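Let's work through a few exercises together. Keep your viewer open, try each task yourself, and then compare with the solution.

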Amino acid sequence: MKNVIELNHPLITHKLAILRDKKTSTKEFRELVSEIAMFVCYEAMHDAKLESVEIETPIKKFKTKKIDQDKYAFVPILRAGMGMLDGVITVIPNAKIGHVGMYRDEKTFKPVNYFFKVPKDIEKREVIILDPMLATGGSAIDAIELLKSKGVKKIKFLCIIAAPEGLKLVTEKHPDVKIYCGCIDKHLNKDKYIVPGLGDAGDRIYGTK
């Protein structure tokens, strides 16, 4: 899985230890998801193209380089992906935002799509999909296929925790999509939850359980 990048960073390991703890409060959980998302996005921008510009410092005019933020779009998968949005927006503040709405059928474990809205010129942008958990890979695959149907050519997927089963499926279906994750966990259990994981990210972000 050459297109899977696991950050494996001491700071992320530390923050994940707090995030996983069932005693962590909703407020702290939400803040940590945002912080870790920022770190993962930072890594995902490693190959960003820079454009030459001229600025004026308090001392002199200076030729330097900047990222064209208008070439990017973030697409969180609702609802848990919204928890990552504040963090990544600090990295690319002017990126446009789209949304993919999905929920998991509790009997089939397959994603059900109920909402999809993206900027009109989405095909001209590099799109970064956000979802804290990549478990079975079903939601990731559906979101990628929806974006490709709109003409998007370059897609990255950002998550905080991933399961090997989901990573394998997504990379087989979409080998052109790079996946960045904070940590790859052991496996999925019979209910298709990541082990050791952190439970249901959406419920813990919004305090609904």
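Contact here means heavy atoms within 4.5 Å. This is a predicted model, in which local features need pLDDT of at least 70 and side-chain atom pairs count only at pLDDT 80 or more, while totals for chains, interfaces and linings use all residues. Residues are numbered from 1 along each chain as its sequence is written, and side-chain values use heavy atoms, with hydrogens and water left out.

**Exercise 1.** Find which residues Ala140 is in contact with, leaving aside its neighbours within four places in sequence.

Step 1: Check its cover. Ala140 has a relative accessible area of 3%, so it is buried. The classes are buried under 20% relative accessible area, exposed over 50% and partly exposed in between, with a 1.4 Å probe and protein chains only.

Step 2: List the partners, which are Ile77, Phe157 and Val170.

**Exercise 2.** Work out where the buried residues of helix H5 sit around its axis.

Step 1: Pick out the buried residues of H5 (residues 164–173): Gly166, Leu167, Val170 and Thr171.

Step 2: Look down the axis. These buried residues fall within an arc of 120 degrees, so they line one face of H5; the arc is that of the directions from the helix axis to the C-beta atoms. An α-helix has 3.6 residues a turn, so residues three or four places apart point the same way.

Step 3: Turn to the other side of H5, where Glu172 and Lys173 are exposed.

Step 4: See what the buried residues pack against: strands S1 (4–6), S9 (133–134), S10 (154–162) and S11 (178–184), together with helix H4 (138–149).

**Exercise 3.** Identify which residues touch the most other members of the largest nonpolar core, and which element gives the most to this core.

Step 1: Apply the rule. A nonpolar core is a set of buried Ala, Val, Leu, Ile, Met, Phe, Trp, Tyr and Cys residues joined through side-chain atoms within 4.5 Å.

Step 2: Among the 37 residues of the largest core, Leu16, Leu19, Phe74, Val88, Leu130, Leu158 and Ile160 touch the most other members.

Step 3: Helix H2 gives the most to this core, with eight residues.

Step 4: Beyond its neighbours within four places in sequence, the contacts of Ile160 include Leu16, Leu19, Val33 and Cys181.

Step 5: Note the second, separate core of 26 residues, with Ile122, Ala143, Ile144 and Ile179 among them.

**Exercise 4.** Determine which parts of the chain are tied together by the Asp47–Lys154 and Lys156–Glu126 pairs.

Step 1: Use the rule that a salt bridge is a side-chain nitrogen of Lys or Arg within 4 Å of a carboxyl oxygen of Asp or Glu. The count comes to 13 salt bridges.

Step 2: Asp47 and Lys154 meet at 3.7 Å, N to O. Asp47 lies in the loop between H2 and strand S2 (51–56) and Lys154 in strand S10, so the pair ties together parts 107 residues apart in sequence.

Step 3: Lys156 and Glu126 meet at 3.1 Å, N to O. Lys156 lies in S10 and Glu126 in strand S8, so this pair ties together parts 30 residues apart in sequence.

Conventions:
Helix = DSSP H or I, 4+ residues; strand = E, 2+ residues; numbered from the N terminus.
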